[in-house]
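Q: I would like to learn how to read a few features of a protein model, taking them one at a time. Could we work through them together?

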Amino acid sequence: MSEIYNIDIDTIEKIADIVSSRELSEITIQDGEKSVTIKGKKCPPPPAMPFSAPMGITATPAPAVPVAEDKSADTVSGNIVKSPIVGTFYVAPSPDKPAFVKVGDKVKKGDVIMIIESMKLMNEIQSDFDGVVEKILVSDGQAVEYDQPIMIIK
């Protein structure tokens, strides 16, 4: 049988290639009351997201311990600000606004130092430390994991 519902085998193979290359789960083509469904690989379910904390959450304090950026880098010490949730790190409240803090800025306990977006909620993260921002370890817009070091304050 070279045709199925007026769709030739070459067309079906091309559609199957598109489903595969774009990693689609399936596509259905309908012609009147007749239809053909081409299924691709099953996509794994998305990872479970932890409960999102409300706005104004504070960063978890960490002891002042040395942090090695990589094996060839010098050891850096200070208070480590870690991500309290999984999400996306932002240095400013919006793209057209200035950053909350930059390297070299003085911060006080309770100052908002970043935003982490999680599940479409913008969570303002406050500093648990007084000091100077020594280093920002992630880039603006970068995905962060729970308990991932974000910033060092001395």
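Q: Where is S83 found?

A: This is a predicted model, and in it S83 is found in the loop between strand 7 (79–82) and strand 8 (87–90).

Q: Is S83 buried or exposed?

A: A residue is called buried when its relative accessible area is under 20%. S83 has a relative accessible area of 2%, so S83 is buried.

Q: Which residues is S83 in contact with, leaving aside its neighbours within four places in sequence?

A: With those neighbours set aside, the contacts of S83 are I116, V144, E145, Y146, D147, Q148 and I150.

Q: What can be said about V19 in the same way?

A: V19 is found in helix 1, and V19 counts as buried because its relative accessible area is 2%. Leaving aside neighbours within four places in sequence, V19 is in contact with L24, I27, I38, K39 and G40. As for one of these, V19 and K39 are 20 residues apart in sequence, while their C-alpha atoms are 7.5 Å apart in space.

Q: Is D10 buried or exposed?

A: The word exposed is kept for a relative accessible area over 50%. D10, which lies in helix 1, has a relative accessibility of 52% and therefore counts as exposed.

Q: Which residues gather in a patch of negative charge on the surface?

A: The patch is formed by D8, D10, E13 and D17. Helix 1 (residues 9–21) supplies 3 residues, the largest share of this negative patch.

Definitions and conventions:
Residues are numbered from 1 along each chain as its sequence is written. This is a predicted model: local features need pLDDT of at least 70, side-chain atom pairs count only at pLDDT 80 or more; totals for chains, interfaces and linings use all residues. Side-chain values use heavy atoms; hydrogens and water are left out. Patches are made of residues with over 30% relative accessible area and no salt bridge: like charges are joined within 9 Å, nonpolar side chains (Val, Leu, Ile, Met, Phe, Trp, Tyr) within 5 Å. Accessible areas come from the Shrake-Rupley method with a 1.4 Å probe; for residues, only the protein chains shown count as cover. A salt bridge is a side-chain nitrogen of Lys or Arg within 4 Å of a carboxyl oxygen of Asp or Glu. Lys and Arg count as positive and Asp and Glu as negative; His and the chain ends are not counted. The place of a charge is taken as NZ of Lys, CZ of Arg, CG of Asp or CD of Glu. Helices (H or I, at least four residues) and strands (E, at least two) are DSSP runs, numbered from the N terminus. Buried means under 20% relative accessible area, exposed over 50%, partly exposed in between (1.4 Å probe, protein chains only). Contact means heavy atoms within 4.5 Å.
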